[in-house]
Amino acid sequence: MLFDTHAHYDDEAFDGDRDGLLGHLQEAGVGAVVNVGASLLSTRRTLELTERYHFIYGAVGVHPSECRDLKEEDIRWLQSLASKDKVVAIGEIGLDYHWEEPGAPLQKKWFAHQLELAEQVRLPVIVHSRDGAKDTLDILKAWKGREIGGVIHCFSYSREIARECLDMGFYLGIGGVATFKNARRLKEVVEYAPLDRIVLETDCPYLAPEPYRGKRNSSLYLSYVAEAVAALKGVDRELVEDVTWNNGRALYGLS
Ligand code: NI
């Protein structure tokens, strides 16, 4: 079974066929999905999806690019959701310096606030980090809830940064980029990281793997990522599916 540890099925890209698509996932070998909130609105929609589909779990949180208008009361709202049965993580949260806005100080502030929230409610974190490795590591190292752990989703940094994340106990989220021909740095990370610290993800509708690169992504394509990881590791795809299935369950505390 495949575990898609990071998806955005609330996205409008699925408005035309969401129910049809989600209704097929299990027979296609996708046993569980975590739908990840990126804004207050998508967090609300994530909860609706978890109520509708028994195999969909939810993460609640606000993405760094969406944090400009956040207020303290919004964090309290997120906190009130954390006790729901199918809410399994705080995320996605983090730093995205690819875009200039919102500025780094604001991103750091809400990243730290949501890490604190995760510590309070004892849920793992889903970290989004782009072009900001050093600040991300500094903030995670200072985080008091570090033993709760989490995942660095869509991991995009070097092997050296991977080692630091692994040393802190984080899983690495590996998605469609691992199938791209020019993704040498990520392939090195996949070769380097122990299989029991890797989880598979689509980040759909984004980042479709080869041979669908540039198209709308969905969990139906996650098998291509499993295949790429298996090839890099020199093991069977079934083994990758089994191990990453268990990793996903361990990451999100599903028994
Ligand atoms: Ni995402």
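## The largest cavity

In this predicted model, helix α5 supplies the largest share of the lining of the largest cavity, namely three residues. Two elements, α5 and α6 (159-167), each give two or more residues to that lining. The lining consists of S129, A133, T136, L137, I152, Y157, I161 and C165.

By class, six of the residues lining the largest cavity are nonpolar and two are polar, while no charged residue takes part.

## The largest pocket

The volume of the largest pocket is about 920 Å³. Its lining comprises 33 residues, of which H63, H128, R130, D203 and Y206 are the closest to the centre of the pocket. Two or more lining residues come from each of the elements α2 (40-52), β4 (87-96), β5 (125-130), β7 (171-174) and α7 (184-192). Strand β5 gives the most to the lining of the largest pocket, with three residues.

In terms of class, the lining of the largest pocket is divided into 11 nonpolar, 11 polar and 11 charged residues. The lining of the largest cavity, by comparison, has six nonpolar, two polar and no charged residues.

## Packing of helices α8 and α9

Helix α8 covers residues 222-233 and helix α9 covers residues 237-251; their axes come within 8 Å and cross at roughly 110°. Angles of 65 to 115 degrees count as roughly perpendicular, and α8 and α9 are therefore roughly perpendicular to each other.

On the α8 side, the contact is made by S223, A226, E227, V229 and A230, and on the α9 side by R237, V240 and E241. The residues of this contact of α8 with α9 comprise four nonpolar, one polar and three charged.

## Cis peptide bonds

A cis peptide bond runs from G91 to E92, with omega near 5°. Residue E92 is found in strand β4, one of the elements that give two or more residues to the lining of the largest pocket.

The peptide bond from E101 to P102 is also cis, and its omega is near -15°. Residue P102 belongs to the loop between β4 and α4 (104-121).

Residue D131 is not a glycine, yet its phi is positive, near 55°. The loop between β5 and α5 (133-142) contains D131. Because its relative accessibility is 48%, D131 counts as partly exposed; the exposed class applies to values over 50%.

A positive phi of about 55° also occurs at L207, again in a residue that is not a glycine. L207 is placed in the loop between β8 (198-200) and α8. With a relative accessible area of 30%, L207 is partly exposed, as buried means under 20%.

Terms used
Residues numbered from 1 in each chain as written. Predicted model: local features only at pLDDT ≥ 70, side-chain atom pairs only at ≥ 80, totals over all residues. Heavy atoms only, no water. Axes fitted to C-alpha atoms, helices over the stretch in contact; angles between N-to-C directions. Helix = DSSP H or I, 4+ residues; strand = E, 2+ residues; numbered from the N terminus. Parallel < 35°, antiparallel > 145°, perpendicular 65-115°, else oblique. Contact = heavy atoms within 4.5 Å. Nonpolar A, V, L, I, M, F, W, Y, C, P; charged D, E, K, R; others polar. 1 Å grid on protein atoms, 1.4 Å probe; cavity = no way out; pocket = protein on both sides within 12 Å on 5 of 7 lines; lining within 4 Å. Points joined across faces, edges and corners; volume = space filled by probe spheres on them. Buried < 20%, exposed > 50% of the residue type's maximum accessible area, 1.4 Å probe, protein only.
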